[in-house]
Structure formats: C-alpha cells, structure tokens
Amino acid sequence: LIVHQPYRPLTLYAESLGPEVLNTAWHIVNDSLRCDVILTNPPHLIALSALHMSSVIHNNEHAMLWFSDLSISIEKITQVSQCLVQLYELWRGFEEKKEIPQILFR
C-alpha cells in the first residue's frame, strides 16, 4: 500500500494564502492522518480541504476568492471537510478517563 501525503500540494497551494492559513491547514492535515480520509481521497483534495477549513477559521477573504477560481468542485472539498469535522466531533465527545477503563477490562 502506497499512501501519498498531502503536504507537498498543501505547501504549493498555500504560498499566496499566508502563513497563518498554512500553519492551521498543516495541523488539519496532521489530524487527517488519524482517520481513513487519507486512504479514500487524493492528497490534493485533502490539502484543499485543509486550506478551506483553515481559511474559514481565519476568515481569510483572499482565500475565499482563491477557492472560487479553482476548477475543482467545492462539493468534493466539502465532503472531505465533513469527514474531518466528524473526527473533531468524535474527539470532543470522547472522555478518556471514562472510556479507556471500559475498553481495557473487557
């Protein structure tokens, strides 16, 4: 199994979007490695999704205009973003002190 990482397209796409957008998008890509989105989507789509989420977080108007000029469907980007949001929701609801003992004592 060969898995291509989304870091190279991320850095290429984020050159004009600013360092704060890139930094947050980098963290989102790191988080994407903890779910199956890396196995089910091409790396450029994961990078674009991370940039889109980061642009929304930072309210970057330039990035929103940049996304409107892309030839890729925003629906595809949104699908990947929804998977990542589901991961964050799962993490938010996970109570380690409560869940881990139940798993270990089975």
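Predicted model: local features only at pLDDT ≥ 70, side-chain atom pairs only at ≥ 80, totals over all residues.
Reader: What makes Cys35 buried, and what is Cys83 called?

Author: Buried means under 20% relative accessible area, exposed over 50%, and partly exposed in between (1.4 Å probe, protein chains only). Cys35 has 19%, so Cys35 is buried. Cys83 has 32%, so Cys83 counts as partly exposed.

Reader: How do you know that Thr24 is buried, and which residues does Thr24 touch?

Author: The relative accessible area of Thr24 is 18%, so Thr24 is buried as well. Thr24 lies in helix H2. Not counting residues up to four places away in sequence, Thr24 touches Ser54, Ile57 and His58; contact here means heavy atoms within 4.5 Å.

Reader: Happy to follow so far! How many helices and strands does the chain have?

Author: The chain has 7 helices and 0 strands. Both are DSSP runs numbered from the N terminus: helices are H or I with at least four residues, strands E with at least two. Of the 106 residues of the chain, 35% count as buried.

Reader: How do you know what span to expect of helix H6?

Author: The expected span is 1.5 Å times one less than the number of residues. Helix H6 (residues 74-93) has 20 residues and reaches 28 Å from its first C-alpha to its last, close to the 28 Å expected.

Reader: Why do we say that the buried residues of H6 line one face?

Author: Those residues are Ile77, Val80, Ser81, Leu84 and Leu87. Seen down the axis of H6, they fall within an arc of 110°, so they line one face of the helix. The arc is that of the directions from the helix axis to the C-beta atoms. Among the elements covering these residues are helix H2 (19-32) and helix H4 (43-58). The face turned away from the buried side carries exposed residues, including Glu75, Gln79 and Arg92.

Reader: Why is the pair of Tyr13 and Trp66 called tilted?

Author: Rings of Phe, Tyr and Trp (its six-membered ring) pair if their centres lie within 6.5 Å; planes under 30 degrees apart count as stacked, over 60 as edge-to-face and the rest as tilted. Tyr13 and Trp66 are 6.2 Å apart centre to centre with 55° between the planes, and that makes the pair tilted. Tyr13 lies in helix H1 (residues 7-13) and Trp66 in helix H5, so the pair ties together parts that are 53 residues apart in sequence. Together with Phe67, Tyr13 and Trp66 form one aromatic cluster.

Reader: What makes the pair of Tyr88 and Trp91 edge-to-face?

Author: The angle between the planes is 70°, with 5.8 Å centre to centre, and the pair is therefore edge-to-face by the cut-offs for aromatic pairs. Tyr88 and Trp91 both lie in helix H6, 3 residues apart, about one turn of the helix. Tyr88, at 25% relative accessibility, is partly exposed, and Trp91, at 37%, is partly exposed too.

Notes
Residues numbered from 1 in each chain as written. Heavy atoms only, no water.
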